[in-house]
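Subject: Structure handover

Hello,

Here is the structure I said I would pass on. My notes follow below it.

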Amino acid sequence: MKTLEEIHQLFSRFQATNPEPTTELNYQTPFELLVAVILSAQATDKGVNKATALLFPVANTPQALLNLGEKGLKEYTKTINLYNNKTRNILKTCQILLDQYQGSIPNNRKELEALPGVGRKTANVILNTVFKEPIIAVDTHIFRVSNRLGLAPGKTPREVEDTLVQVIPDEFKYHAHHWLLLHGRYICTARNPHCQECIVKDLCDDYKDKYFK
Ligand code: SF4
């Protein structure tokens, strides 16, 4: 386990390098972000951005997506992994948003997770990015980075999430999700991590194991 001092060091460096980190999914409204995050499961942000760059200028509200219908929406989503299910879930979610929330996005976990296609991770991204809650959505990158660093070792995303919430000081919690995610995407990559360029290598358990044992 890391000491408080080490954790402080770690996030201070991320903060100094990137004071205002944010999602790489392109969006203008909370609804657009919700659609993009649903589409992004097991797909790349780049691929999702390509699809939504064509979709959102044509339809970017629950009613407009419903007007496209399943066949029409699939024309935009068909390049994305698992698009059949995702398209159906998005349309079901649109209907619920219209029926129960006047077309807006609910601001709490219980109601978000009740939407088709929205699991804990998606709900966490919305709560963090839209509603500015200090919440950490553990995706594959954050899971890997947290384990390698020894910041929040765990066997499941939920275990890692619970530890991260406990150990990250409040002042860093709001941005922690994006710092860890971007670090995993660009530096601490799944294969061949760029350890020599890593700004926190002296604080990393994996690095110490690899080079100093
Ligand atoms: S030192 Fe290497 S393994 Fe450790 S966090 Fe940095 S990139 Fe990842």
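The residues of the shell around the ligand divide into ten nonpolar, one polar and three charged (Ala, Val, Leu, Ile, Met, Phe, Trp, Tyr, Cys and Pro count as nonpolar, Asp, Glu, Lys and Arg as charged, and the others, Gly among them, as polar). This is a predicted model, in which local features need pLDDT of at least 70 and side-chain atom pairs count only at pLDDT 80 or more, while totals for chains, interfaces and linings use all residues. Residue numbers start from 1 along each chain as its sequence is written.

Around the ligand there are 14 residues, and C188, C195, C198, C204 and Y207 are the closest (near means a C-beta atom, placed from the backbone, within 6 Å). Two or more residues of this shell come from each of α8 (140–149) and α11 (205–211). The most come from α8, which gives three residues. Helices are DSSP runs of H or I, at least four residues, numbered from the N terminus.

Helix α4 (residues 62–77) and helix α5 (residues 83–101) have axes that come within 9 Å and cross at roughly 180° (lines fitted to C-alpha atoms over the stretch in contact, with angles from 0 to 180 degrees between N-to-C directions). The two helices, α4 and α5, are therefore roughly antiparallel, the word used for angles over 145 degrees. By class, their contact has ten nonpolar, four polar and four charged residues.

An automatic or database assignment sets the domain bounds: domain 1 is 4–21 + 135–211 and domain 2 is 30–129. Their centres, taken over C-alpha atoms, are separated by 28 Å. Six residues from domain 1 and five residues from domain 2 form the contact (C-beta atoms, placed from the backbone, within 7 Å).

Regards

How values were computed
Parallel < 35°, antiparallel > 145°, perpendicular 65-115°, else oblique. Contact = placed C-beta atoms within 7 Å.
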